[in-house]
Amino acid sequence: MERTEHRADATPFLPARRDLRALRAAAAACRGCHLHAPATQTVFGAGLKRSRVMMVGEMPGDREDLAGHPFVGPAGRELDKALAATGIDRRDVYITNVVKHFKFEERGKRRIHQTPKRFEMDACLPWLRAELAAVGPEVLVLLGATAGKALIGPSFKLGAVRGRPVASDLAALVTATAHPSAILRAPDDESRRAARRDFTSDLGAVAAFLAR
Ligand code: URA
Ligand code: SF4
């Protein structure tokens, strides 16, 4: 176990060709870290090479693990609502995660999401970097602190940059907003509405950039 942790790295599994189709096929067989073993399958990014926007979440959840596609569960529904409200076409969005296998703890019949550790994020990062290189989006949207820490750096703080452009050369515009699952975790209706409004407003800035 100890040995696996030290060596965790997806790099040896990356294909020579780096187009999305080849990357997706190779990622399906990734054994770069221990997370592949209990999970159902690799959940690679979804979307077209010509997407103008790339959105990066944390890690697939229970539904995504079973479906094999990112953001198809409750968090995905929140995201879809915000995209519809701001007029961003989902076909313009390539959506992916920092970590490509679902990490969970079994509690009875339920599988409870576990936040990925730094070494797991680092192990999986070569896939995300390859997706970024293949798509070359105009706008990169970091959905939550995990994506920010993975792509900007460990000292990334969402509160400090939310709603403003992030200094980064990863795309013409790099922005950070909350993870849509934060809306689902809101303790009451009022804070849920506020979280939804803030999230939609952050995506509204992306829509304005695309329309400029
Ligand atoms: N949360 C994420 O970060 N990614 C998904 O794909 C689903 C939920
Ligand atoms: Fe490979 Fe990432 Fe899955 Fe680990 S989580 S096995 S690095 S695809």
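Student: Where is Phe71 found?

Tutor: Phe71 lies in the loop between helix H3 (62-67) and H4. Helices are DSSP runs of H or I with at least four residues, strands are runs of E with at least two, and both are numbered from the N terminus. Before we go on: this is a predicted model, in which local features need pLDDT of at least 70 and side-chain atom pairs count only at pLDDT 80 or more, while totals for chains, interfaces and linings use all residues. Residues are numbered from 1 along each chain as its sequence is written, chains are lettered from A and ligands numbered from 1 in written order, and side-chain values use heavy atoms, with hydrogens and water left out.

Student: Why is Phe71 called buried?

Tutor: Its relative accessibility is 6%. Buried means under 20% relative accessible area, exposed means over 50%, and partly exposed is in between (1.4 Å probe, protein chains only). So at 6%, Phe71 counts as buried.

Student: Which residues surround ligand 1?

Tutor: Phe71 is one of them, and Glu58, Asn97 and His179 are also among them. Being near a ligand means having a heavy atom within 4 Å of it.

Student: What does the side chain of Thr86 reach?

Tutor: The backbone oxygen of Leu83, at 3.2 Å. Thr86 lies in helix H4, and at 18% relative accessible area it is buried.

Student: How do you know that Arg90 and Asp80 form a salt bridge?

Tutor: Their closest N and O atoms are 2.5 Å apart. A salt bridge is a side-chain nitrogen of Lys or Arg within 4 Å of a carboxyl oxygen of Asp or Glu, so this pair passes. Arg90 sits in the loop between helix H4 (74-86) and strand S2 (93-97) and Asp80 in helix H4, so the pair ties together parts that are 10 residues apart in sequence. Side chains of opposite charge can pair when their charged atoms come close.

Student: Is Arg90 buried, exposed or partly exposed?

Tutor: Partly exposed, at 30%. Asp80, at 34%, is partly exposed as well.

Student: Why is Arg17 called exposed?

Tutor: Its relative accessible area is 61%, so it is over the 50% line. Arg17 forms a salt bridge with Asp19, with N and O 2.9 Å apart at the closest, and Asp19 is partly exposed at 26%.

Student: How many salt bridges are found in the whole structure?

Tutor: The search finds 15. One is between Arg107 and Glu105 (3.1 Å, N to O), and Asp62, Asp65 and Arg111 are linked in a network of them.

Student: Which ligand takes the space of the largest cavity?

Tutor: Ligand 2. On a 1 Å grid over the protein atoms alone, a cavity is a set of points where a 1.4 Å probe fits but cannot get out, and a molecule sits in one if more than half of its atoms lie within 2 Å of its grid points.

Student: How does the shell around ligand 2 divide?

Tutor: Into seven nonpolar, three polar and one charged. Ala, Val, Leu, Ile, Met, Phe, Trp, Tyr, Cys and Pro count as nonpolar, Asp, Glu, Lys and Arg as charged, and the others, Gly among them, as polar. The residues around ligand 2 include Ala10, Cys30, Gly32 and Lys100.

Student: What makes Ala10 buried?

Tutor: Its relative accessible area is 1%, so it is under 20%. Ala10 is in the loop between helix H1 (2-7) and helix H2 (20-27), and its C-alpha is 8.6 Å from that of Ala27, 17 residues apart along the chain. Ala27 is in helix H2 and is buried at 0%.

Notes
1 Å grid on protein atoms, 1.4 Å probe; cavity = no way out; pocket = protein on both sides within 12 Å on 5 of 7 lines; lining within 4 Å. Polar contact = N/O pair within 3.5 Å; in protein donor to acceptor, adjacent residues only side chain to side chain.
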